[in-house]
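Work through the exercises below with the sequence and the model at hand. Try each task before reading its solution.

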Amino acid sequence: MTGFFTPVNRLWRAAMTGVCFALFGLGGLLLSVVWFNLLLVAVGNKQRRRKLARRSISASFRLFLAVVKGVGVLDYRIEGQAILGQERGCLVVANHPSLIDYVMLASVMPETDCMVKSALLRNPFLSGVIRSADYLINDQAEKLLPACRQRLQQGDTILIFPEGTRTLPGKKMTLQRGAANIAVRCGSDLRLVVIRCTEHMLGKQSKWYNAPPTKPRFTVTVGERVKIDQFYDAKTQEPALAARQLNRHLLHQLQSGTTPGTGINDASALS
């Protein structure tokens with residue numbers, strides 16, 4: 001009987017994945033058209049409006065994850081959830097194996113900032129969300145660094161995926177130097193987060209309907225807070241050199257799949 005139910009379960013997960021992402025798109029559109037426009041009219045203070053928008057996004061993500069978990073599309077666990085929820089004034093740096101990495105992290109970080117591609121501003125399902133939450137646009141080079149410095153100094157957290165795109169399966173991980181440069185030039189600490197999954201799902205070059213053979217189990221492990229003064233001393237070091245050294249450290253930690261103090265390098269060991 002087990003052999004019969006395996007393909008049935010796989011078909012069910014593929015179908016439910018489609019349903020869940022249709023709900024995700026519809027939810028984003030409704031937030032953009034209705035809720036965020038209501039906030040724009042009802043809340044005059046920009047900072048308060050941004051805070052409410054981000055908390056709304058976080059709550060909607062928690063609801064979405066409860067649905068996908070409830071219908072059996074996937075399972076997930078966040079180790080160190082309380083740390084992320086309380087983090088302030090630093091960069092949160094994570095690897096990027098799947099499409100829902102941001103959803104999982106933002107669901108437990110109700111006021112986090114995020115760096116997004118400008119192309120998403122043309123997405124009708126997401127543009128209103130991005131504008132209302134006042135996320136940072138990563139190709140606005142002349143404005144980006146001052147904006148990051150201001151937000152970090154006021155206690156914001158900024159979520160960054162330094163790979164720049166989802167990890168290609170079977171390919172060596174490479175990091176863009178943006179996160180390291182921001183950390184060095186803004187004097188900001190970084191919080192490392194490692195995301196692992198027992199199956200390849202919603203990754204680069206994969207289709208949503210290609211359900212893996214078994215239900216994927218995501219494990220998000222919150223690691224060390226990297227002190228920037230361990231890598232950069234403005235009196236003795238060049239910022240560019242410090243950024244390269246920091247980037248190598250980030251690459252080593254994210255690529256090895258371990259975070260100091262956890263000893264974790266395989267999500268399957270936790271499922």
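Leu-26 lies in helix H1, where helices are DSSP runs (H or I) of at least four residues and strands are DSSP runs (E) of at least two, numbered from the N terminus. The model is predicted, so local features need pLDDT of at least 70, side-chain atom pairs count only at pLDDT 80 or more, and totals for chains, interfaces and linings use all residues. Residues are numbered from 1 along each chain as its sequence is written, and side-chain values use heavy atoms, without hydrogens and water.

**Exercise 1.** Classify Leu-26 as buried, partly exposed or exposed.

Solution. Buried means under 20% relative accessible area, exposed over 50%, and partly exposed in between (1.4 Å probe, protein chains only). Leu-26 has a relative accessible area of 47%, so Leu-26 is partly exposed.

**Exercise 2.** State which residues of helix H7 are buried, and what they pack against.

Solution. Step one: H7 covers residues 178–186, and its buried residues are Ala-179, Ala-180, Ile-182, Ala-183, Val-184 and Cys-186. Step two: these buried residues pack (contact: heavy atoms within 4.5 Å) against strands E2 (91–94), E3 (113–116), E5 (158–160) and E6 (190–197), and against helices H6 (141–153) and H8 (239–256). Step three: Gly-187 follows H7 and has a positive phi, near 65°.

**Exercise 3.** Describe the span 12–45.

Solution. The unreviewed UniProt entry lists residues 12–45 as "transmembrane region"; such annotations use the numbering given here, have shortened names, and may be inferred rather than shown by experiment. In the model, this span is 91% helix and 0% strand, and its end C-alpha atoms lie 46 Å apart.
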